[in-house]
Amino acid sequence: MNVLHTLPSPAWMLWALSLLLSVPLHGQVSIQAVSGQITDPKTGQGIPFASVGVLGKPSGTVANEQGRYQLRSPQPLDSLLISAVGYQTTRVAVTGPSLSVALQPAAATLSEVVIRAGENPAFRILKEVHARRFTNDFRQLSGYTYEAYSQLSVGITNMDERFQQLKPVRTILQGVPKASRENLPVFASETVSRVYARRHPQLSKEEILKTNISSVGITDDSFIAMFTGAGFNTLHFYENEVSLFRKAFVSPLASHGRQAYTYFLADTTQIEGRTCYTLEFDPKQEHDLVFRGRLFIDTLTYALAGIEARLGAEANINFIKGIDLSITYEPSQSQVWIPSFTQLTIQASEVVKHTFGATVVYATSLHHFTTEEPRNVRFFTTSVELAADRQEASDAFWQVYRERMPSQELEKSRHLIDTVRKVPLVKKATQAAELVLNGGYLPVVKGLETGSVFSAWAYNRVEGHRLRWGLQTNASFSKTWQLSAYAAYGTRDQIWKRGGEIRFIPKRAPLTLLTLRHTYDLEQVGLRLDESGDDPFLKITNRFSRFRQAYYLGETVLAGQQDLGPNFTQTVGIRQQSLEFLFPIRLPASETGVATLTNLWNRELFIETRYAPGRLPNRRVNNRKVRQRPAETAPIVTLRYQYGTTYEPNGASSSYPSTTYHKWQWQLDHTVLWGLWGRTNYTVRAGYTPSTLPYPLLTVHQGNPTPFYNRNAFNLMQYAEFVSDRYVSLAVEHKFEGLFTNRIPLMRNWGWRNFVTGKVLYGRLSAANQRLLIQPEGNPGIQSLQSLPYVELGYGFENVFRIARIEALHRLTYRDSPNAQRFAVKVSFQLGL
């Protein structure tokens with residue numbers, strides 16, 4: 001189960017938390033504390049991020065960037081097992097509290113290996129691994145369950161000298177011991193969970209049983225607990241791609257691994273009494289999304305017995321200096337191999353120059369793995385469940401689990417976190433970060449917030465200066481009821497706008513949601529602001545639009561939504577709308593005359609079914625989007641039906657008679673991974689309205705004449721340029737993930753990544769609807785597509801200055817239409833890896 005979300009304050013930490021993953025290390029008998037440095041014998045320099053532990057035991061640690069380590073254990077230590085990518089694994093006796101070790105470079109010394117001319121002996125072993133992967137991979141079982149204990153820690157490291165001299169920073173540092181400033185903890189957690197899974201269909205569920213979280217800024221345990229469990233992020237190296245940070249890395253065990261890696265059969269080694277081949281793998285192009293490290297393959301079963309891998313700063317990932325992961329596998333009673341211990345250590349660089357970096361360590365150990373008959377599909381309705389008493393556990397309870405992991409620093413980290421959190425400056429920084437993460441809403445009293453500061457002001461030609469403010473409740477008010485309301489006023493139109501919503505959650509397993517919403521606000525044909533996607537930047541900037549075909553929309557909606565099993569979400573509801581047009585809509589009143597439509601009223605019943613395998617459970621219910629996990633590539637299919645009537649309210653008159661209508665819509669979203677060649681995201685939409693209606697009630701295709709890119713719109717189409725009552729569209733985006741730019745020195749240094757896009761729209765208008773489409777004199781206005789499709793193509797670069805996306809777009813058809821935009825360069829902004 002993979003998740004990426006924003007995290008707690010400070011803001012970088014919320015971002016850093018999405019860098020997580022999984023753990024092992026080892027230790028055993030003699031004295032209980034040892035420290036020293038791991039060095040290269042030739043250069044004498046420290047080996048960064050070397051693993052220090054005892055094979056097969058959970059006690060262990062990872063050296064820092066200078067190769068220095070410190071290991072404490074609740075049990076005596078008598079020997080250490082030290083390893084690093086590119087060096088021989090060394091076992092040394094502990095003779096005192098100080099122990100420094102020089103690791104020898106790995107040598108390709110083989111025994112009893114037959115090398116045939118023209119054949120890399122590593123390839124023979126990899127072929128056997130591929131042939132037996134379905135026998136050895138635990139995920140191939142029809143049903144299984146296990147218990148997991150996980151730890152997560154985040155600390156600030158490598159503070160720049162100038163940054164430390166800033167007065168606010170000095171204030172914070174004065175409150176913590178000097179020895180702790182090299183790695184200042186800001187987050188620490190431990191979690192006990194139970195994971196269930198089945199193969200056909202492939203489903204999983206995690207029960208978060210106990211959590212113990214300390215943080216400088218996070219206060220929402222229900223939100224953060226899902227990022228700290230065992231199932232939060234699991235690395236599957238038997239797959240062709242390994243998902244990490246919303247990116248797909250080529251696995252060294254991939255069927256096409258030879259395209260990305262060079263393999264060497266180095267030697268055999270003993271792991272838990274089992275003889276294993278040691279296969280080293282190096283990337284052919286270090287800037288690609290690939291690892292460097294070594295595999296340990298059991299010589300009897302050809303199962304993956306362990307992996308040590310590193311991702312260096314050369315990889316085209318923002319803000320990452322290094323990533324070290326280590327996984328130890330062991331056979332279960334059912335003969336499949338499970339990842340018994342996993343550890344991931346991430347060294348993050350400065351997000352802002354001359355500030356600080358971060359270290360994120362995520363670790364987990366698996367226990368009590370058992371096979372079972374596949375549980376009923378309905379059991380997996382929710383992917384994660386949080387126990388009501390998850391925060392109720394004694395220190396003795398946690399101590400039992402900590403003995404399985406290198407957790408000696410946990411209590412020290414928690415104490416330091418409490419110290420830092422009490423510094424007044426940190427409290428203010430936490431509040432500022434929470435303001436951003438909360439969408440600009442400010443706390444008023446417990447359970448009530450006001451805002452948003454981001455949408456408090458806008459300007460457009462219809463409203464003039466638009467002033468807006470609102471209120472909303474949060475989880476402290478109620479976990480069952482959610483209330484929100486806002487009011488807005490325009491200085492030019494001098495009309496009050498309003499909106500309010502009541503949401504009731506009668507149960508969460510399966511998630512059931514009832515919503516009552518009413519709004520009266522300014523909209524424009526061809527752009528509903530609530531359909532702008534989940535990009536808040538677009539929603540804010542579109543309020544500055546020219547509103548060329550504006551209308552006031554009054555809308556009341558009553559809807560119910562429920563998860564039907566683990567993959568389906570069903571929504572039903574009714575809607576009533578009133579449209580007050582601020583521009584003339586001309587309709588035929590007789591064979592020769594025309595009438596002007598100024599108002600339109602309609603009621604609708606709508607039903608929507610969404611199939612989204614692998615989606616995230618909609619835990620934060622105020623987000624209506626059904627999100628797909630970053631690692632999932634299964635298609636998402638949505639089918640929507642609307643039955644409606646136009647009508648005239650009592651005492652009102654309309655130029656359009658009462659009529660009934662039907663509308664069908666279908667959508668497919670899918671992602672295809674191509675390994676080194678990147679990924680393709682595409683969306684197919686289709687719609688059919690077999691009814692005669694004024695064009696505002698048909699499908700007015702969304703345009704975007706602004707300078708900002710909108711992935712949900714046709715970016716060279718004007719607002720309300722084309723209308724259809726039947727259509728099919730295709731939107732494709734292929735991201736090369738640095739495939740070409742990584743091979744151009746200058747762009748490689750900049751970290752740019754190129755992409756291409758294309759959008760095609762076929763649409764038609766029935767003869768009856770075409771007769772209703774009378775153009776105003778002197779203004780061609782909206783039109784229908786002919787036999788020729790609308791086509792636009794784009795190309796560009798993302799990750800420019802690490803935050804910007806720049807795309808050049810060409811309109812290939814309907815280039816002679818009035819006000820047609822044939823070419824444009826558009827930007828958008830995103831902060832990511």
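Modeller: Buried means under 20% relative accessible area, exposed over 50% and partly exposed in between, with a 1.4 Å probe and protein chains only. By that count, 55% of the 833 residues of the protein chain are buried. This is a predicted model, in which local features need pLDDT of at least 70 and side-chain atom pairs count only at pLDDT 80 or more, while totals for chains, interfaces and linings use all residues. Residues are numbered from 1 along each chain as its sequence is written, and side-chain values use heavy atoms, with hydrogens and water left out.

The part I picked is helix H2, residues 121-131. Helices (H or I, at least four residues) and strands (E, at least two) are DSSP runs, numbered from the N terminus. At the start of H2, the backbone nitrogen of alanine 122 has a side-chain oxygen of asparagine 120 within 2.9 Å. Within the helix, Pro121, Ala122, Ile125, Leu126 and Val129 are buried. These residues lie on the same side of H2 because they cover an arc of only 140° around the axis (taken from the directions from the helix axis to the C-beta atoms). The general rule is that an α-helix has 3.6 residues a turn, so residues three or four places apart point the same way. What does the buried side of H2 pack against? Its partners are helix H3 (133-136) and the strands E13 (261-271), E14 (274-283) and E15 (292-298). Lys127 and Ala131 are exposed, on the face of H2 turned away from the buried side.

Now for the wider picture. The chain has twelve helices and 41 strands. Counting contacts (heavy atoms within 4.5 Å) between residues at least 6 apart in sequence, 65% join residues at least 24 apart.

Salt bridges, meaning a side-chain nitrogen of Lys or Arg within 4 Å of a carboxyl oxygen of Asp or Glu, number 29 in the structure. In one of them, the closest N and O atoms of arginine 310 and aspartate 324 are 2.6 Å apart. That pair links strand E16 (residues 304-312), which holds arginine 310, to strand E17 (residues 320-331), which holds aspartate 324, across 14 residues. Arginine 310 is partly exposed at 23% relative accessible area, whereas aspartate 324 is buried at 11%.

Arginine 466 and aspartate 521 form a salt bridge too, at 3.0 Å from N to O. They sit 55 residues apart, in strand E24 (residues 464-473) and strand E27 (residues 511-524) respectively, and both are buried. Strand E27 also holds arginine 517, whose partner 16 residues away is glutamate 501 in strand E26 (residues 496-508).

Finally, the surface. The accessible surface of the protein chain is about 36600 Å² (Shrake-Rupley method, 1.4 Å probe), and 54% of it belongs to carbon and sulfur atoms. One last stop there is isoleucine 574, which is found in strand E29 and is partly exposed, with a relative accessible area of 47%.

How values were computed. A polar contact is a pair of N or O atoms within 3.5 Å; within protein, one must be able to donate a hydrogen and the other to accept it, and residues adjacent in sequence count only if both atoms are side-chain atoms.
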